Amino acid sequence: MHNSGMFPQKTSTSTVRVATALLLLAGLLPAAHAGLAIALNSADGTVSLIDTESYKVIGKSIACKEPHHLMATPDDKSVIVACSASNQLVYFDPLTGKEQKRVRNISDPYQIGFSPDGKWFVATSLRLDRVDIYDARSLTLKARIPAPRTPSHIAFDDAGRFAFITLQDSNEVMAINLQTLKKEWVIPVGPTPAGILMAPDNRHLMVGIMGEGVVEVIDWQAQKTLRKIPTDTAAHNLHPRGDGRHYFVSNRSVSGGSISLLDTKTWTVIEKYDVPGGPDDMEVRADGKELWATARFGRRVQVIDLTTKQLKISIPVGSSPHGVFFTGHAPRK
Amino acid sequence: MIQEFLDTFVLVQGWLLDKVVQPSLLALGLGSLVEPAFDGIEFFLFGVIQLAVAYVLLRPLEAWRPVEHWPDRRAVRVDVLYTFLDRLGIVPLAVFAILSPFVLGLDGWLRFHDIIPPQIEDAFPSLEMHPLAAFFVYLVAIDFFEYWRHRLSHTLRWWWALHAIHHSQRQMSLWTDSRNHLLDDLIGGAWFALVALLIGVPPGHFIGLLVAVRIVENLSHVNARISFGRIGEQLLVSPRYHRWHHAIECPPGERFRYGCNFAILFPIWDRLFGTQYLAATLPPTGITTPELADPVHADHFWRQQADGITGLVGVIRKRKAPG
């Protein structure tokens, strides 16, 4: 991986080790960064490394063809970048941004997710109407499930018995039984469903419905829609604030883009922030002070100050930024 | 400066997406096409820039050192129409819409049977870390396949019936590159899609590759006395080099029976495969097929399209005829 000369090379000699330590102390050689955000430039095939304190892009790594989504491994020691057009998973160190390894022959991974019980690794192939289920440890393919059309985002129930997939072009949500590794059911939802997340009560699934600008709330056990909550044009993705109650919803319009804050107790939108550029994937700081969002069509990562509710800074990155991640993020519920 | 250009570009691109494209797609229930549509708008905007740059840079060359003077430029006008349809994405969009279900179907079928289409990086993993080198390798690979596509379009009689439309222009200019029969465009699109599947063209490189090819192709058709010299003409296709490809009379010799200088970007392919012809002269361009040489057809888009179909049907009928 190209590292712009930022990282010290490993060496076995104690002299060099001491010298390196001194240089580190002197601040001349940055090592693991205190706060590092990783943003995926899906059209460039690169990863932008951003200092979360100074908001400066401090490095750029070559990733692969079409890196869209990323997530931490269950042990938090790696961030996995799914490279759909490269048929690869690329592992990065979340603290340094250094590449750790590549796993090849993972066919067209778009969205990825580990089941909560750590048993399965699920990857959707948006382009090819298919969901692949791998053994999470060995990454060997266990099932390949047709999912017409356009399987996109993934959610799980708390026990890891089901994976729920939005089917963007057939306007449906599909449930896959992770015990039988077969399709369990498919239910219709609003036009162009995208992001999907399980609410903290493990009963309600929340789905971003782009075509209607709403979040559709589904009782997944009863397999029926309970309500539709208007957010804004092109409601796309969901992300937890980390307090077990509130969720951000990115409304992926370019000039009128926004992020809504949804209260899952009252099922109402309680705040909305203007975020231009087509906000897409999000990440929240553990202290709850900042929300980061990739501006998919604006070539930027937007940082929203959650105290002032205003756009704090707009960081130029590469083309079509999609996934974003940093350590020190808020809890995922 | 670059950031300002990008910001302005993205602003226009975003505005078009927001105000024109996304509302229509969402209304039609085609929301998942929003992301490809954003790329499509980029393609369109690049086309606009390219048209402007080609006109600003190449038209003065044609005025300054023309190979031929044309008192009547009516025949050029139809090539301008072809160019706008092509460069602004109308023809490519139609080709994409027709082909993508088949290509995705093939890709999906292969993967469902555990066949992951190969990529150049599988053989040379170090290219993954060197995007510029990878870009050049893909450019060379695509040009190799384009050489053979082009050569076959001259060799196979049914294909030539369509490709002859491109060659029927006697007033060859910077606009002539896009003058193609629509079926020829469709076949070219299918060829490219299969090549992309075969070698794994990175989606992020796609527009860059296309822009590189188009710039050279605009230049190579220009009506101007320009050559790149003896060495230069072995490195990159020049207007003089390509003019011989469009010559009414092929150079003498059996190896030039179907034409010469088929290369799109790099003349090395002609040299390697025995189809290179170098000369200092600048021949007149066009073909002698009577219907296609008819001046009535010279400035008529639909008549040319009909001529291509007529020619194609004629070839198929002859093949079926007994004896």
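## Burial and fold of chain A

Of the 333 residues of chain A, 52% count as buried. Buried means that 20 or more other C-beta atoms lie within 10 Å of the residue's own; exposed means 12 or fewer, partly exposed is in between, and C-beta atoms are placed from the backbone. The model is predicted: local features need pLDDT of at least 70, side-chain atom pairs count only at pLDDT 80 or more, and totals for chains, interfaces and linings use all residues. Residues are numbered from 1 along each chain as its sequence is written, while chains are lettered from A and ligands numbered from 1 in the order in which they are written.

Chain A holds one helix and 28 strands. These elements are DSSP runs numbered from the N terminus (helices: H or I, at least four residues; strands: E, at least two). Among contacts in chain A with a separation of 6 or more, 41% link residues 24 or more positions apart. A contact requires C-beta atoms, placed from the backbone, within 7 Å.

## Confidence

Mean pLDDT for chain A is 88, and 90% of its residues reach 70 or more. The score is the predictor's confidence in each residue, from 0 to 100. In residues 1-13 of chain A the pLDDT is below 50; this stretch has 21 contacts in the model beyond near neighbours in sequence. Residues 23-31 of chain A also have pLDDT below 50, with nine contacts beyond near neighbours in sequence.

## Domains

Chain A is assigned domain 1 (1-31) and domain 2 (37-326). The bounds come from an automatic or database domain assignment. Taken over C-alpha atoms, the centres of domain 1 and domain 2 of chain A are separated by 35 Å.

## A four-stranded sheet

Four strands of chain A form an open sheet in the order 3-2-1-28, with antiparallel pairing. Strand 3 (57-62) and strand 28 (321-326) of chain A are the edges, each pairing on one side only. From one strand to the next, the twist averages 20°. Axes are lines fitted to C-alpha atoms (for helices over the stretch in contact), and angles run from 0 to 180 degrees between N-to-C directions.

Pairing requires at least two bridges found by DSSP between two strands. Strand 1 (residues 36-41) and strand 2 (residues 46-51) of chain A have six bridges in the antiparallel sense. A:Leu36 has A:Asp51 of strand 2 as its bridge partner.

## Backbone exceptions

Most residues other than glycine have a negative phi, and most peptide bonds are trans. A:Tyr55 is not a glycine, yet has a positive phi of about 65°. A:Tyr55 sits in the loop between strand 2 and strand 3 of chain A. A:Tyr55 counts as partly exposed because it has 17 C-beta neighbours inside 10 Å.

A:Asp129 has a positive phi near 55°. Its loop runs between strand 9 (120-125) and strand 10 (130-135) of chain A. A:Asp129 has 21 C-beta neighbours inside 10 Å, so it counts as buried. A cis peptide bond joins A:Pro148 and A:Arg149, with omega about -5°. A:Arg149 is in the loop between strand 11 (141-146) and strand 12 (151-156) of chain A.

## Contact between chains A and B

The contact takes 36 residues from chain A and 26 residues from chain B. On the chain B side, helix 1 (2-27), helix 4 (90-112) and helix 9 (203-220) each give two or more residues. Helix 1 of chain B supplies the largest share of that side, ten residues.

By class, the side of chain B that touches chain A has 13 nonpolar, nine polar and four charged residues. Nonpolar covers Ala, Val, Leu, Ile, Met, Phe, Trp, Tyr, Cys and Pro; charged covers Asp, Glu, Lys and Arg; the others, Gly among them, are polar.

Note on methods. Two residues are in contact if their C-beta atoms, placed from the backbone, lie within 7 Å.
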